[in-house]
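Colleague: I want to learn how to read a model like this one. Please take me through it feature by feature.

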Amino acid sequence: MSAPAPVVVTGLGIVAPNGTGTEEYWAATLAGKSGIDVIQRFDPHGYPVRVGGEVLAFDAAAHLPGRLLPQTDRMTQHALVAAEWALADAGLEPEKQDEYGLGVLTAAGAGGFEFGQREMQKLWGTGPERVSAYQSFAWFYAVNTGQISIRHGMRGHSSVFVTEQAGGLDAAAHAARLLRKGTLNTALTGGCEASLCPWGLVAQIPSGFLSEATDPHDAYLPFDARAAGYVPGEGGAMLVAERADSARERDAATVYGRIAGHASTFDARPGTGRPTGPARAIRLALEEARVAPEDVDVVYADAAGVPALDRAEAEALAEVFGPGAVPVTAPKTMTGRLYAGGAALDVATALLSIRDCVVPPTVGTGAPAPGLGIDLVLHQPRELRVDTALVVARGMGGFNSALVVRRHG
């Protein structure tokens with residue numbers, strides 16, 4: 001039996017707190033420019049969490065038809081625009097393709113909180129007759145998949161993955177599986193979230209994992225001895241994935257890299273004494289990619305910013321690679337954790353690292369906490385040839401996911 005055809009990424013679309021559009025985001029990330037600040041879209045001073053990663057330089061009306069604006073939440077507007085940018089970057093025109101060979105696989109964990117808050121205020125403030133009929137689907141975590149599919153006539157297999165931060169990796173991996181099997185010819189995959197509204201914020205606070213620091217520069221410090229939680233953010237990325245032979249046949253202008261391996265695991269129930277953390281997912285992803293640990297050039301960390309979770313991740317990396325044996329970075333320190341959008345953005349960033357042979361820095365963190373034993377890329381980008389990158393993501397509730405992307409050709 002012949003080996004399955006490689007699956008490559010040919011288009012990227014990014015909407016992030018520190019840059020909208022792939023090149024704007026990438027330039028800001030390499031420059032260490034953060035999009036984390038005191039929340040500005042509402043007054044956060046009555047809440048214990050006041051700092052976030054907001055996408056402020058984004059005007060949905062400039063990118064989307066007016067008819068879509070009243071029926072979509074902010075997260076869906078991000079996803080629609082990122083998807084359109086990814087298709088344009090890939091040079092792919094869906095209307096010229098077999099519509100049943102085009103699929104959409106996204107990740108989302110929260111749904112349209114801001115839209116839902118607005119309609120709830122109408123319900124209790126002015127009465128049910130004022131509630132928008134679009135509330136019936138605008139809140140739903142699967143709505144990004146549906147709206148992208150409808151907008152671009154992509155009628156093949158479509159689905160949504162709800163594994164919090166791990167979802168962006170799980171969606172990309174399943175897209176790759178469907179492409180290898182021939183179920184799809186092309187897939188749009190990724191994730192976007194936007195829950196920085198009062199209702200969305202109060203839903204996140206009970207986890208106890210959010211940073212309550214008031215200084216944006218010190219609010220999100222993964223792997224640092226001062227780490228005290230993460231900063232919530234909004235945005236994400238969409239990617240065009242296709243079989244390498246299809247990309248070659250249509251003479252795709254850019255191939256960022258290939259999706260080489262993936263695995264997902266689930267933590268044991270607390271109290272069982274069984275090990276937790278992403279080590280097993282990492283090993284299985286490397287095995288599927290047929291990559292030895294010493295061949296990994298950089299790890300994009302989950303970087304929870306919660307001391308116990310940071311230590312568990314550092315221990316997993318040391319278990320697989322050896323202490324300090326591979327560069328580790330967390331550019332999400334410039335955006336906040338974007339939940340389902342965060343892992344998708346990390347995959348896009350890893351592919352840009354492969355393209356430009358540079359690893360972006362982790363900002364804010366002064367130095368790894370004693371005993372973590374990781375080679376954290378700090379303060380400045382690190383120039384090195386990147387042929388293989390590993391992206392690690394963990395989702396609240398015990399989800400672990402790891403994805404390997406490699407240089408193609």
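Modeller: Start with one side chain. The side chain of Glu24 reaches the backbone nitrogen of Thr20 at 3.2 Å. A polar contact is a pair of N or O atoms within 3.5 Å; within protein, one must be able to donate a hydrogen and the other to accept it, and residues adjacent in sequence count only if both atoms are side-chain atoms.

Colleague: What should I know about the model and its numbering?

Modeller: This is a predicted model, with residues numbered from 1 along each chain as its sequence is written. Local features need pLDDT of at least 70, side-chain atom pairs count only at pLDDT 80 or more, totals for chains, interfaces and linings use all residues, and side-chain values use heavy atoms, with hydrogens and water left out.

Colleague: Where is the place of Glu24?

Modeller: Glu24 is in helix α1, residues 22–30. Helices (H or I, at least four residues) are DSSP runs, numbered from the N terminus.

Colleague: Which residues does Glu24 touch, not counting those up to four places away in sequence?

Modeller: Contact means heavy atoms within 4.5 Å. With that sequence limit, Glu24 touches Asn18 and Gly19. Arg243 is another matter: its C-alpha atom is separated from that of Glu24 by 28 Å, and the two residues are 219 apart along the chain.

Colleague: Why does Glu24 count as partly exposed?

Modeller: Buried means under 20% relative accessible area, exposed over 50%, partly exposed in between (1.4 Å probe, protein chains only). Glu24 is partly exposed because its relative accessible area is 44%.

Colleague: Next, salt bridges. How many does a search of the whole structure find?

Modeller: The rule is a side-chain nitrogen of Lys or Arg within 4 Å of a carboxyl oxygen of Asp or Glu. The search finds 20 salt bridges. One of them joins the side chains of Lys96 and Glu93, at 3.0 Å from N to O. Lys96 is exposed at 60%. Glu93 is partly exposed at 36%.

Colleague: Is Glu119 buried or exposed?

Modeller: Glu119 is buried, because its relative accessibility is 2%. Glu119 forms a salt bridge with Arg118, the closest N and O atoms being 3.7 Å apart. Arg118 itself is partly exposed, at 36%.

Colleague: Which residue forms a salt bridge with Arg382?

Modeller: Asp375 does, with the closest N and O atoms 2.9 Å apart. Arg382 is partly exposed at 27%. Asp375 is also partly exposed, at 25%. Salt bridges can link up too: Glu23, Arg355 and Asp356 are in a network.

Colleague: What makes the nonpolar surface patch?

Modeller: Patches are made of residues with over 30% relative accessible area and no salt bridge: like charges are joined within 9 Å, nonpolar side chains (Val, Leu, Ile, Met, Phe, Trp, Tyr) within 5 Å. Areas come from the Shrake-Rupley method with a 1.4 Å probe; for residues, only the protein chains shown count as cover. Here Met120, Leu123, Trp124, Trp199 and Val202 make a patch of about 520 Å². Helices α3 (113–125) and α7 (198–204) each supply at least two residues. α3 gives the most, with three. Met120 is found in α3 and is partly exposed at 37%.

Colleague: Last, how is the protein divided into domains?

Modeller: Domain bounds come from an automatic or database domain assignment. Domain 1 covers 7–250 and domain 2 covers 262–406. Their centres, taken over C-alpha atoms, are 21 Å apart. Across the boundary, 61 residues of domain 1 are in contact with 59 residues of domain 2.
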